[in-house]
Amino acid sequence: MEKLVIFDLDGTIVAEPEFYRKVYSGTLRELIYQESGAEGIKMLEYCRQHHQGKGELALSRLNIPFSKWAGRLINAPLDGVRPQTALVKRIRRLAAKKVIYTGSPIQLTIRLLRQSGFWEADFDQIIAWKESEPKPLKWSRSSLVFKSIVSRFNLKPADCWAVGNDWETDLAPAKKIGIKTALICDDGGKPDAHFRTLDEFLNFLAVRSEKT
């Protein structure tokens, strides 16, 4: 039986492509243009084309502090994020420990969770960007973070799952230490399982639970 599930937030729990296009991509482009002009936009497009759409990598290349982008994200309107009543109930019913590990600012993470219908107390740990960090910890793609999560709850990696929509950032570091991995909405990488939606993954866990 699974004892811990580490959830990605953006594109996994909150799966609203139009919101992310408008708010994340939009504010990133605006910031880079204001700070670096047309040359900055060229770097943004280069990063998107050569790094699986990750335009945010242009920030460090252009010497733009992540905090400047975070400031725009933190207060972004959440009109495009819908309540997820059914998903909230399903995640709350999970007997396993629940952790969110995201690169988004902690303030925005909490707002997104509440907009979706969650409370912070629905999760045993929330790891997100904080102002003291030069960039999100998740961008490091470090297995040590996953190792510390597992150790905090005194569990074995084999008893845990990591679920997300990006193989390189959400799952590959977890798999390196033996955590089982589930990739949502993507066929890339080498996860232990692929699912079209987070709901399908939760169905999978429910069936496994019934068998144990």
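Predicted model: local features only at pLDDT ≥ 70, side-chain atom pairs only at ≥ 80, totals over all residues.

Colleague: What is the order of the strands in the open sheet?

Modeller: Helices (H or I, at least four residues) and strands (E, at least two) are DSSP runs, numbered from the N terminus, and two strands pair if DSSP finds at least two bridges between them. The open sheet has 6 strands with parallel pairing, and its order is β3-β2-β1-β4-β5-β6.

Colleague: Which strands stand at the edges of that sheet?

Modeller: An edge strand has a single partner strand, so one side of it is left without a neighbour in the sheet. The strands in this position are β3 and β6 (193-195).

Colleague: By how many degrees are neighbouring strands of this sheet turned against each other on average?

Modeller: Axes are lines fitted to C-alpha atoms, for helices over the stretch in contact, and angles run from 0 to 180 degrees between N-to-C directions. For the neighbouring strands of this sheet direction is ignored, and the average turn is 20°.

Colleague: Which residue of β4 stands opposite Val5?

Modeller: Strand β1 (residues 4-7) is joined to β2 by 4 bridges, the two running parallel, and in β2 the bridge partner of Val5 is Lys98, while that of Phe7 is Ile100. β1 also pairs in the parallel sense with strand β4 (residues 160-164), over 4 bridges. In β4, the residue opposite Val5 is Trp161.

Colleague: Are the residues that point either way from β1 buried or exposed?

Modeller: Buried means under 20% relative accessible area, exposed over 50%, and partly exposed in between, with a 1.4 Å probe and protein chains only. Leu4 and Ile6 point one way from β1, whereas Val5 and Phe7 point the other way, and all are buried.

Colleague: Why do the buried residues of α3 line one face of the helix?

Modeller: In helix α3 (residues 66-74) the buried residues are Phe66, Trp69, Ala70, Leu73 and Ile74. The arc used here is that of the directions from the helix axis to the C-beta atoms. Seen down the axis of α3, the buried residues line one face because they fall within an arc of 135°.

Colleague: At roughly what angle do the axes of α1 and α3 cross?

Modeller: Contact means heavy atoms within 4.5 Å, and α1 and α3 make theirs through residues including Tyr24 and Leu28 of α1 and Trp69 and Leu73 of α3. Angles under 35 degrees count as roughly parallel, over 145 as roughly antiparallel, 65 to 115 as roughly perpendicular and the rest as oblique, and α1 and α3 are therefore oblique to each other. Their axes come within 10 Å and cross at roughly 135°.

Colleague: Which elements do the buried residues of α5 pack against?

Modeller: In α5, Ile106, Leu108, Thr109, Leu112, Leu113 and Ser116 are buried, and seen down the axis they fall within an arc of 160°, so they line one face of the helix. α5 lies across β2 and β3, running at about 125° to β2. Its buried residues pack against α1, α3, α4 (85-93), β2 and β3.

Colleague: Is Ala121 buried or exposed?

Modeller: Ala121 is found in the loop between α5 (106-116) and β3 (125-129). Ala121 and Arg92 are 29 residues apart in sequence and 9.8 Å apart in space, C-alpha to C-alpha. Because its relative accessibility is 75%, Ala121 counts as exposed.

Technical notes
Residues numbered from 1 in each chain as written. Heavy atoms only, no water.
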